[in-house]
Amino acid sequence: MKRTGSEILINGLIEEGTDTIFGIPGGSVIAIFDTLFDYSAKIKFYLMRHEQAAAHAADGYSRSTGRVGVCMATSGPGATNLVTGIATAYMDSIPMVAITGQVATKMIGNDAFQEVNTTGITYAVTKHNYLVKDVRDLPRVIKEAFYLAKTGRPGPVLIDIPSDISKAQTEFKKLPEKVNIRGYNPTYEGNIKQIQQAAKMIMEAKKPVIYAGGGVILSGADKELKSLVEKTGIPVTMTLLGLGGFPSLHPLSLEMLGMHGTKYANIAVSDSDLVISIGARFDDRVTGKLDEFAPHAKIIHIDIDPSSIGKSVDVDMPIVGDVKLVLKELLKYVSKCDIKEWVAYVKDIKKKYPLSYTKSEKVIKPQYVLEQLYDLTKGEAIICTEVGQHQMWAAQYYKYARTRQLLSSGGLGTMGYGFPAAIGAAVANPQATVVDIAGDGSIQMNIQELATVSNYQIPVKVVIMNNMYLGMVRQWQQLFFKKRYSFTCLGRHKDCSPICHGPGSHCPDMVPDFEQLAKAYNVKGYTIKNPKDVRGVLKEALAIKGPVIMDFRVDQEENVFPMVPAGQPINKMLEHSVT
Amino acid sequence: MEYTISTLVENHAGVLARLAQLFSARGFNIVSLTVAETDDPTMSRMTIVVEGDEKVMEQVKKQLNKSIDVVKVYDLTGKNPLVRELCILKVKATPTHRSEIIEIVDIYHASIIDVSHQDVTIEATGETSKVLGIIKLLKPYGIKEIVRTGKVALARSLNI
Ligand SMILES: Cc1cc2nc3c(=O)[nH]c(=O)nc-3n(C[C@H](O)[C@H](O)[C@H](O)COP(=O)(O)OP(=O)(O)OC[C@H]3O[C@@H](n4cnc5c(N)ncnc54)[C@H](O)[C@@H]3O)c2cc1C
Ligand SMILES: Cc1ncc(C[n+]2csc(CCOP(=O)(O)OP(=O)(O)O)c2C)c(N)n1
């Protein structure tokens with residue numbers, strides 16, 4: 001039967017398991033949207049208020065489920081608005097398919113209305129992209145796009161469809177059964193000799209530590225990781241993106257390492273004689289000063305992407321393959337390690353240097369809000385974050401027990417990610433409690449999505465840690481730039497003194513008033529200024545069925561500690577404010 | 001050091017742009033790049049000469065391999081590959097110097113492909129050192145214009 005490009009696209013998406021799309025329509029995709037109108041029983045479309053948010057929502061859908069998230073936008077500004085969201089997914093290896101409209105094929109290159117070179121712009125931030133110039137290619141392209149997005153090292157794939165292609169007709173029944181991409185052959189099974197060698201290194205090590213990253217979660221290898229730890233008795237630290245890959249509260253967990261990691265994780269890595277990196281990519285936020293990262297250690301690196309291995313640190317035993325399969329094999333060759341002293345030492349520093357903050361009855365401490373949230377949600381909520389101090393506190397003070405529980409933009413560090421990602425997570429997990437931990441700066445980068453949560457009654461709970469600052473940047477200014485708070489105060493008013501070194505009674509009121517703003521969107525809002533009210537409000541808000549915004553007015557100059565100053569080795573951590 | 005890589009890539013629109021962006025994004029310094037269709041019209045062969053150290057080179061190869069459009073990557077560096085480069089030069093040729101120039105062309109097994117009252121145009125093919133040699137010798141006469149293809153290379157067949 002002859003079908004239009006739009007019909008092929010929508011049926012193809014359904015065949016690939018898509019049940020949800022986030023996006024905004026426009027001229028070049030109008031035919032696709034016309035087709036969508038007839039498929040509402042099979043595909044739920046969420047009309048967002050900004051394409052960036054649509055991409056983040058698809059990303060949140062994906063991170064919280066492991067399925068491929070799908071977003072859709074029109075040509076030109078619709079496509080360029082998607083770019084930040086696609087780049088965010090790309091940096092964190094998140095499977096996503098982005099569909100953009102394009103001007104008609106005969107107009108391409110003419111500077112036509114709403115034309116941009118979308119494939120050109122997105123080369124650098126997609127795993128692969130396609131411009132479809134013949135409707136007969138569409139079934140193959142859809143099949144390949146999903147395959148590429150979710151296999152190997154996952155990532156976003158973009159399909160650019162000119163408006164005449166979505167209207168053109170061709171014979172179509174089903175997508176092709178198989179893909180055949182001769183330039184693409186990810187390695188899944190690790191080299192057996194290397195795995196055996198690695199096992200030998202593990203059994204010989206006196207001070208081994210496992211450094212687990214996002215690859216554990218992407219591979220679905222949390223069970224295998226747990227078996228490895230329980231079999232060998234080796235302590236585990238995780239990256240921001242690896243949190244949840246191993247239970248944070250397990251006795252052998254050292255929680256997060258790196259710039260804002262725990263002191264014990266960083267000391268353990270620095271003192272270790274073997275680092276077993278599992279699906280992590282030695283990001284500079286993790287390694288600190290590169291030459292002094294784990295200076296006494298040999299390094300085993302398990303990663304599916306050969307280009308991740310040896311990129312920043314030299315590796316003694318590389319294993320290219322899928323974490324789950326490699327660990328399954330590795331488990332055959334390891335047993336209990338003889339590392340009693342080391343484990344005792346690690347447990348000792350864990351006791352000696354716990355995460356801590358100065359408690360207060362006068363002013364709300366953001367860490368306290370997170371502790372209360374953890375308690376009230378019994379540690380079961382899906383936590384999304386924006387980017388900044390609040391993100392780091394969410395990594396430190398909420399404890400993650402399972403994979404896909406923390407959704408955070410690590411590689412790109414995109415402010416404005418959390419709220420729309422929470423929308424994606426909430427629609428994909430209708431039973432779950434989904435919370436966005438936000439800063440007052442970041443939340444304003446996609447605040448328009450209040451309309452989306454309000455209209456669809458998506459029960460996202462937004463916790464704003466409102467310090468009236470771009471806090472993470474302010475912290476750096478305080479610690480490294482003599483407290484010169486250059487353009488980081490979000491309360492700054494035209495009447496403020498040009499030189500201001502901190503908050504006080506002279507400060508104007510916060511703009512916007514988030515509680516009032518929520519009201520304008522018909523969303524329940526709270527303003528919380530007293531530590532005594534924190535638990536009560538959280539409890540009340542969590543019991544509400546719909547969306548809620550909580551504006552916690554927190555200690556304005558609270559800092560994230562521990563902290564490794566940029567360019568320092570990770571065992572040289574700042575632990576207290578130096579004001 | 002200079003590295004020579006030969007790759008087979010999909011022959012469709014956008015591939016060159018994608019690979020060029022891959023190089024620029026990582027700050028790889030390209031000395032030369034040639035590309036043309038192979039006997040299989042769905043594939044092109046691309047010869048890339050890159051300047052850098054071993055670490056840069058590892059990344060170049062890995063990134064090329066990672067690109068979906070790249071079908072195969074051969075590192076020819078240090079393997080004594082068959083390398084050729086083509087150069088066309090337009091050289092000032094006054095009647096007094098014309099015969100000297102023709103002599104140089106003969107020595108280098110190059111050929112004259114165009115002549116006018118003021119100049120001759122010469123085609124030289126060979127290993128890069130040969131091309132550089134003829135350029136050096138012709139320079140004193142005044143090179144008006146020059147174009148070089150950059151290297152094309154193939155691995156040698158194994159001798160029995
Ligand atoms: C303000 C801020 C502060 C930060 N501070 C810290 C910090 O203190 N500590 C910290 O850890 N991070 C921090 N980050 C995050 C940091 O920037 C990186 O995003 C993060 O460390 C990367 O995590 P990862 O190494 O697990 O890599 P990911 O980006 O998750 O990469 C996963 C790796 O696994 C591989 N992989 C994927 N799938 C598989 C598979 N199936 N099998 C095998 N391998 C696979 C990939 O090829 C890749 O190499 C911070 C970010 C921000 C914005
Ligand atoms: C889109 C974007 N712009 C700028 C930055 C740089 N940046 C990193 S953290 C930060 C401050 C975030 O402030 P806020 O959301 O209020 O969170 P806080 O640090 O106060 O918790 C900024 C500006 C960024 N990460 N993303």
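How many salt bridges are there between chain B and chain A? Keep that in mind while you get set up, and we'll come to the count at the first stop.

This is a predicted model, where local features need pLDDT of at least 70, side-chain atom pairs count only at pLDDT 80 or more, and totals for chains, interfaces and linings use all residues. Residues are numbered from 1 along each chain as its sequence is written, chains are lettered from A and ligands numbered from 1 in the order in which they are written, and side-chain values use heavy atoms, with hydrogens and water left out.

**Stop 1: where chain B meets chain A**

Colour the two chains differently and look at the place where they touch. The count between chain B and chain A is four salt bridges. A salt bridge here is a side-chain nitrogen of Lys or Arg within 4 Å of a carboxyl oxygen of Asp or Glu. To see one, select A:Asp314 and B:Lys55: their side chains pair up in a salt bridge with N to O at 3.4 Å.

Which elements of chain B give two or more residues to the side that touches chain A? They are α1 (15–25), α2 (54–66) and β4 (70–75) of chain B. α2(B) gives the most, with six residues. Helices (H or I, at least four residues) and strands (E, at least two) are DSSP runs, numbered from the N terminus.

Sort this side of chain B by class and you get six nonpolar, seven polar and seven charged residues. For these classes, Ala, Val, Leu, Ile, Met, Phe, Trp, Tyr, Cys and Pro count as nonpolar, Asp, Glu, Lys and Arg as charged, and the others, Gly among them, as polar.

Now for the whole interface. In chain B, 20 residues are in contact with 20 residues of chain A, contact meaning heavy atoms within 4.5 Å. About 1600 Å² is buried between the two chains, and carbon and sulfur atoms give 48% of it. Buried area is the accessible area (1.4 Å probe) that two parts lose on being put together, summed over both.

**Stop 2: chain B by itself**

Chain B has four helices and nine strands. Starting at the N terminus, trace its elements in the order β-α-β-β-α-β-β-α-β-β-α-β-β. The C-alpha trace of chain B spans about 55 × 40 × 35 Å along its principal axes.

**Stop 3: ligand 1**

Bring chain A back and centre on ligand 1. It has 37 residues around it, and the closest are A:Gly214, A:Thr239, A:Arg281, A:Asp303 and A:Asp322. A residue counts as near if one of its heavy atoms lies within 4 Å of the molecule.

Next, pick out some close atom pairs. A backbone N or O atom of A:Met259 sits 3.1 Å from an oxygen atom of ligand 1, and a backbone N or O atom of A:Ile304 is 3.1 Å from a nitrogen atom of ligand 1. In A:Asp283, a side-chain N or O atom is 3.3 Å from an oxygen atom of ligand 1. How much of ligand 1 does the protein bury? Taken alone, ligand 1 exposes 1000 Å², and the protein buries 97% of that. Accessible areas come from the Shrake-Rupley method with a 1.4 Å probe; for residues, only the protein chains shown count as cover.

The largest share of the shell around ligand 1, four residues, comes from α9(A). By class, this shell has 14 nonpolar, 16 polar and seven charged residues.

**Stop 4: ligand 2**

Now move to ligand 2, which 17 residues surround; A:Gln389, A:His390, A:Gly441, A:Ser442 and A:Gly471 are the closest. A polar backbone atom of A:Gln389 is 2.8 Å from an oxygen atom of ligand 2. Select A:Gly441 and you'll find a backbone N or O atom 2.8 Å from an oxygen atom of ligand 2. For A:Met472, too, a backbone N or O atom lies 2.8 Å from an oxygen atom of ligand 2. Taken alone, ligand 2 exposes 590 Å², of which the protein buries 76%.

α19(A) gives the largest share of the shell around ligand 2, three residues. The shell divides into seven nonpolar, nine polar and one charged residues.

**Stop 5**

Finish with A:Lys143 and A:Glu16. They form a salt bridge, with the closest N and O atoms 3.6 Å apart. Where does each partner sit? A:Lys143 is in helix α6 (residues 138–150) of chain A, while A:Glu16 is in the loop between α1 (5–15) and β2 (20–23) of chain A, so the pair links distant parts of the chain, 127 residues apart.

Methods
A polar contact is a pair of N or O atoms within 3.5 Å; within protein, one must be able to donate a hydrogen and the other to accept it, and residues adjacent in sequence count only if both atoms are side-chain atoms.
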